Amino acid sequence: MNRLFGTDGVRGVVNKELDPEMVLRLAQAIGSFFDEGSRILVGRDSRVGGEMIKSLVIGGLISTGVKIYDAGLTPTPALQYVIAHEGFDGGVMITASHNPPEYNGIKVIDSDGIEVPREKEEVIEEYFFEKKFRRVPWRSLVHEATPYPYVNDIYVKAVLSHADKELIRSRGFKVVVDAANSVGALTSPRIARELGVKVISINASIDPLFPGRLPEPTVETLSETAKIVSNISADFGIAHDGDADRAIVIDDKGRVQWGDRTATILARYLADKHSDLPRRVFTAVSSSIIIEDVLKPMGIEVVWLKVGSIGISRALASQGGICGFEENGGFMYPLHHPVRDGGITLVLLLQMLAEYKCELSELFDELPQYYALKTKIPMPREVALTVVERVKEYFKNYRQVTIDGVKVIGRDFWILVRPSGTEPLLRIMIEAKDVEKANELLGIVKNLVKEVVPG
Ligand code: MG
């Protein structure tokens, strides 16, 4: 059957793949998936077409007899938290997260405040492709969309409840918040300010064209923000993606730190602080083994999962653990809500620094150092899977994680070789203790590719 949902919702260029007819049809499929009379919370980020898509989504949903509450502009983690904690039956978030500005998208949230699992996406896809829509009789269409402008307030209050306000206030922190001209600007500067932090906001005006930088926080897109952090001697900077579920950190030396390094520091801190939490953390195979280097000696298990945040959230929620994370800056704290959440990440960083009484750069400098290489080679999925088998065979004497492609873990290196979930590509990630070893490993993998695809 055709697929509509990618690894994280339905995405497309506005008025191209995501045209009004498609959106309306999808909204009717989503509404038919939820029971008649369900209370559905709808929110959006500030992307182009957001209001158009929201109007179509609300219209399509109402036709199926569900009750709509309109949250307006809000981060994805705020909508998710409120769905779970204010008794909603589900939600729709209109966002394309970190994608380029011309994209928008739709995420379907279950009553537990986590994106629906794949088997429920398949039901929605079936309704969409077969046009199996519930149309309620005219007498049932009595509910207008109800404005629900409380989501950001409820969310900010909830994340602040995990902070020792007086302790953080006493440290006199200075923090740069880069909200990518989107909805993170509505919550993160406010969260920091409520904790007595001096906040310097960058890219804080809501603007669908993303004039400040692209919505994806990377070393490249954050170069200017990083300069500001070091120039004004801030304690750190935090940068969100378009819907503020990700947070990439810039340390006090102006270095952009990748998400798995930040998550390792936070995981170690939370493991010490909450000895009652189950001794495990969840992450995708694409994360660095730094997390194992640091947590294994503490007796904490690292559970490797397939790439994709929904699986990590659902594993963390059902099995329990200290945290979950993705290497791209998505961090999940189960004592708040087990989804990626840029706002709670900010609170945890402030709380940790206030307790440790040290500079953030010192914590990063203590981590094991790896030299990273990342590349991709175009090839059909079937060929990529053959390469994966060849890599498994070649490294058969090493520890392997084979849940998504193959991750080979050596004493001082790791390799991940996997077919992309969305494109005809083989993705290769390598980390080693020095550049020579990393290049040698890449050479080996490339030779194995040549064996499978001569020339
Ligand atoms: Mg996002």
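A cavity is here a set of points, on a 1 Å grid over the protein atoms alone, where a 1.4 Å probe fits but cannot get out, whereas a pocket is an open set with protein on both sides within 12 Å along at least five of seven lines, and lining residues have an atom within 4 Å of a point. Grid points are joined across faces, edges and corners, and a volume is the space filled by probe spheres set on the points. The lining of the largest cavity consists of Ala247, Gly259, Thr262, Ala263, Leu266, Glu326, Gly329, Gly330, Phe331 and Thr345. Helix α9 (residues 259-273) contributes the most to this lining, with 4 residues; helices (H or I, at least four residues) and strands (E, at least two) are DSSP runs, numbered from the N terminus. By class, the lining comprises 4 nonpolar, 5 polar and 1 charged residues, where Ala, Val, Leu, Ile, Met, Phe, Trp, Tyr, Cys and Pro count as nonpolar, Asp, Glu, Lys and Arg as charged, and the others, Gly among them, as polar.

The second largest pocket holds about 720 Å³ of space. Of the 27 residues that line this pocket, Arg3, Thr7, Lys306, Val307 and Gly308 are the closest to its centre. At least two lining residues are supplied by each of α4 (118-129), α11 (309-319), α14 (381-394) and β20 (413-419), and α11 gives the most, with 5 residues. The lining of the second largest pocket divides into 10 nonpolar, 8 polar and 9 charged residues.

The magnesium ion has as its protein donors Ser97 (OG), Asp241 (OD), Asp243 (OD) and Asp245 (OD), which lie 2.0 to 2.1 Å from it. Donors are N, O and S atoms within 2.8 Å of the metal (3.2 Å for Na, K and Ca), and water is not among the atoms, so sites may look incomplete. The spacing of the donor residues in sequence is S-x143-D-x1-D-x1-D. Both Asp241 and Asp243 are buried, a term for under 20% relative accessible area, with exposed meaning over 50% and partly exposed in between (1.4 Å probe, protein chains only).

As regards the overall fold, the protein comprises 15 helices and 21 strands, and its C-alpha trace spans about 70 × 60 × 45 Å along the principal axes. The radius of gyration of 22 Å agrees with the value near 23 Å that a compact globule of 455 residues would have; this radius is taken over C-alpha atoms, and the globule rule is 2.2 Å times the number of residues to the power 0.38. Of the 455 residues, 59% count as buried. Among contacts (heavy atoms within 4.5 Å) with a separation of 6 or more, 72% are between residues 24 or more positions apart.

Two individual residues were also examined. Lys433 is located in the loop between β21 (425-432) and α15 (435-452) and counts as partly exposed because its relative accessibility is 41%. Leaving aside residues up to four places away in sequence, Lys433 touches Pro368, Gln369, Tyr370 and Asp412, and its C-alpha atom is separated by 9.8 Å from that of Trp414, 19 residues apart along the chain. Glu292, placed in helix α10 (residues 290-295), has a relative accessibility of 7% and therefore counts as buried.

Residues are numbered from 1 along each chain as its sequence is written, and side-chain values use heavy atoms, with hydrogens and water left out. Because the model is predicted, local features need pLDDT of at least 70 and side-chain atom pairs count only at pLDDT 80 or more, while totals for chains, interfaces and linings use all residues.
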